[in-house]
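Good morning, and thank you for coming. I shall speak about strand pairing and then about helix packing.

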Amino acid sequence: MAAATAPSLGEEGVEGNPLLQDFQFPPYDAVEAQHVRPAIRALLKTLENDLEELERTVEPSWPKLVEPLEKITDRLSVVWGVVNHLKSVKDTAELRAAIQDVQPEKVKFQLRLGQSKPIYNAFKAIKESPDWPTLSEAQKRIVESHIRDAVLNGVSLEDDKRDQFNNIEQELKKLSRKFEENVLDSTKKFEKLITDKKEIDGLPASALGLAAQTAKSKGHENATPEDGPWVITLDIPSFLPVMQHAKNRALREEVYRAYVTRASSGDLDNTPIIVQILKLRLEKAKLLNYNNYAEVSMAMKMATVDKAEELLEKLCSASWNPAVQDIEDLKSYSKSEGASEADNLNHWDINFWSERLRESKYSINEEELRPYFSLPKVMDGLFNLANTLFGIVIEPADGLAPVWNNDVKFYCVKDSSGTPTAYFYFDPYSRPSEKKGGAWMNEVVSRSRVLSHNGAVRLPIAHMVCNQTPPVGDKPSLMTFREVETVFHEFGHALQHMLTKQDEGLVAGIRGVEWDAVELPSQFMENWCYHRDTLMSIAKHYQTGESLPEDVYLKLLSARTFRAGSLSLRQIRFASVDLELHTRYAPGGSESIYDVDQRVSRRTQVMPALPEDRFLCSFMHIFAGGYAAGYYSYKWAEVLSADAFSAFEDAGLDNSKAVKETGQKFRETVLALGGGKAPLDVFMEFRGREPSPEALLRHNGLLSVAASA
């Protein structure tokens with residue numbers, strides 16, 4: 001019946017449209033696909049009028065330029081943010097179609113705004129005025145970044161070139177959206193029904209429970225964890241246990257091959273989309289007078305192409321020998337266990353034998369750890385840590401804001417005096433039928449003086465989204481240690497967004513922070529998962545309440561550097577192929593995108609990728625996310641984050657007074673200053689010196705190797 005009521009809104013009629021209401025918290029429970037077209041069109045009409053008014057009255061001053069501009073950009077980003085968020089967590093064919101219809105109009109408006117000559121000239125006039133020295137550092141950053149971004153948005157291009165640039169931008173947005181949809185659809189498409197228990201020998205109880213639950217949702221009502229049937233999917237909570245635990249080598253191979261060839265054939269083939277994206281990015285770079293797209297990307301980063309490649313090279317040489325040793329260890333261990341494949345290990349064997357070796361070497365079984373990491377306990381421990389380090393209190397506020405799914409939790413963040421400073425949503429579980437994979441933090445609204453409510457600065461609101469193992473039956477979500485790290489990681493992003501002290505909305509929180517510095521707080525928080533007091537506070541058995549045994553903690557700590565060389569090289573492969581495709585690859589030339597990936601893989605992987613590996617077809621970070629010619633940022637920021645954590649090590653992790661003081665300093669610099677100060681300056685204000693990769697290599701057990709490399 002929903003379809004019958006849709007026209008009552010009318011494309012013209014926007015009355016009662018939840019997206020256009022004045023809300024503090026978005027009406028996630030009320031927004032439907034039918035609201036998107038009329039709301040976005042009406043909003044764009046209003047904002048176009050606001051923009052014309054601003055261009056007519058603009059003066060090179062804060063009240064006549066920056067404040068009205070912030071109101072325009074904010075309104076669009078908040079409303080579009082709601083729509084885009086729902087597409088990520090509650091995808092439907094109707095929502096896709098609605099977004100597809102209005103996205104070109106939204107992009108057209110953003111280009112019109114980004115290429116506004118009157119606004120650009122007003123910003124230049126501020127920079128050239130005698131008042132320039134009196135502006136705050138944050139205000140100067142806003143002016144300078146607007147001038148830079150306007151040039152990168154094509155403000156200096158004339159007529160034909162500008163039209164060409166705008167067409168490229170429209171096409172790129174469309175291609176990225178299609179890329180992401182293809183990955184989601186092809187992931188969803190793969191289902192492996194298993195009825196014979198022998199086929200899934202080795203799978204732990206948690207994976208069998210999930211596979212039976214999935215089978216039930218696919219119409220096998222009588223499915224049970226013990227007797228099946230079971231359905232395996234390419235969603236990480238289903239895929240990973242197969243790779244790590246299934247003794248059936250043929251099953252591992254089938255699932256692995258399906259995973260690395262997602263979205264690479266038939267109607268869902270992303271190959272032509274990737275080629276077209278790279279071609280258009282290069283054309284865009286040339287229009288802006290850059291040699292390649294990586295140079296465009298680096299214009300908004302701390303690093304340069306040379307500096308990024310230099311870091312990757314340094315980390316690659318430090319990681320290579322340990323990674324070679326990792327493979328040798330797996331070979332000899334699998335041989336000692338009588339594995340027929342020992343002399344011929346392949347990609348689908350690595351995770352399986354790594355888990356067996358880890359269990360043998362450290363007596364650690366990921367599955368046996370799960371009962372100690374129940375989601376409620378993990379969140380309690382995380383919030384207590386945030387209280388210790390940053391003096392904040394986090395309280396459940398369910399019911400205060402509408403949510404998009406009943407599993408979503410809502411929280412209020414208060415300072416030490418009990419005053420609310422921020423809010424956030426947390427959507428923890430995987431829902432493969434409607435939610436994209438991975439984990440992310442995004443802003444709902446940012447802190448802002450200009451957009452204050454009743455005279456009070458508008459408080460920031462975030463959402464944290466993960467894809468971890470859902471509760472099975474009456475058990476809570478029992479997490480792997482990696483899932484625990486992921487929650488800490490996303491919470492680090494949320495902290496930078498929520499604890500900002502910037503009142504200038506355009507550089508508050510993560511806004512205006514150079515992309516290769518943005519992972520600093522997130523990766524910094526991951527380090528605390530290995531901190532004894534923190535880990536012991538979250539690792540409580542969900543049934544008995546007993547703490548993780550001390551010997552298991554020590555094993556977990558020593559296992560931290562297990563296969564660190566291999567894991568480091570994996571990230572280096574991704575970062576290197578990203579830079580290679582955006583610097584030296586010639587679209588339409590003799591080398592295909594897969595040739596480039598194979599070439600990079602041979603240089604960065606001890607076991608090169610399969611010839612038929614099509615991982616690029618699901619590499620959403622660079623083809624449908626913000627990491628194009630920027631994936632190296634993970635490693636760049638890891639240097640910063642490990643070095644930042646080493647400040648706590650230097651102060652003494654057992655010294656609670658020193659930890660609190662250092663935490664306060666981290667809050668006042670890295671978490672408070674947002675995009676209002678250059679990230680290197682922020683880091684130096686916290687650390688008292690420039691960053692060094694020493695701490696990262698030490699944490700990963702790669703330091704002595706680097707010294708001799």
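Two strands are said to pair if DSSP finds at least two bridges between them. Please bear in mind throughout that this is a predicted model.

I begin with the strands. Strand β3, residues 393-396, and strand β4, residues 409-414, run antiparallel and are joined by four bridges. Within this pairing, I394 stands opposite V413 in β4.

Strand β4 also pairs with strand β5, residues 420-429; here the sense is antiparallel and there are six bridges. In this case Y411 is the residue that faces F424 in β5. What do β4 and β5 form, and how many residues lie between them? They form a hairpin, with five residues between the two strands. One of the residues in that turn, G418, has a positive phi of about 90°.

I turn now to the helices. Two packed helices are described by the angle between their axes and the distance between the axes. For helix α24, residues 633-651, and helix α26, residues 679-687, the axes come within 10 Å and cross at roughly 15°. Angles under 35 degrees count as roughly parallel, and α24 and α26 are therefore roughly parallel to each other. Their crossing is left-handed.

Which residues make the contact? From α24 they are L640, D643, A644, S646, A647, F648 and D650; from α26 they are F683, F686 and R687. Sorted by class, the contact of α24 with α26 has six nonpolar residues, one polar residue and three charged residues.

That concludes my presentation.

Terms used:
Residues are numbered from 1 along each chain as its sequence is written. This is a predicted model: local features need pLDDT of at least 70, side-chain atom pairs count only at pLDDT 80 or more; totals for chains, interfaces and linings use all residues. Side-chain values use heavy atoms; hydrogens and water are left out. Axes are lines fitted to C-alpha atoms, for helices over the stretch in contact, and angles run from 0 to 180 degrees between N-to-C directions. Angles under 35 degrees count as roughly parallel, over 145 as roughly antiparallel, 65 to 115 as roughly perpendicular and the rest as oblique. A crossing is left-handed if the near helix is turned anticlockwise from the far one by less than a right angle, and right-handed if clockwise. Contact means heavy atoms within 4.5 Å. Ala, Val, Leu, Ile, Met, Phe, Trp, Tyr, Cys and Pro count as nonpolar, Asp, Glu, Lys and Arg as charged, and the others, Gly among them, as polar.
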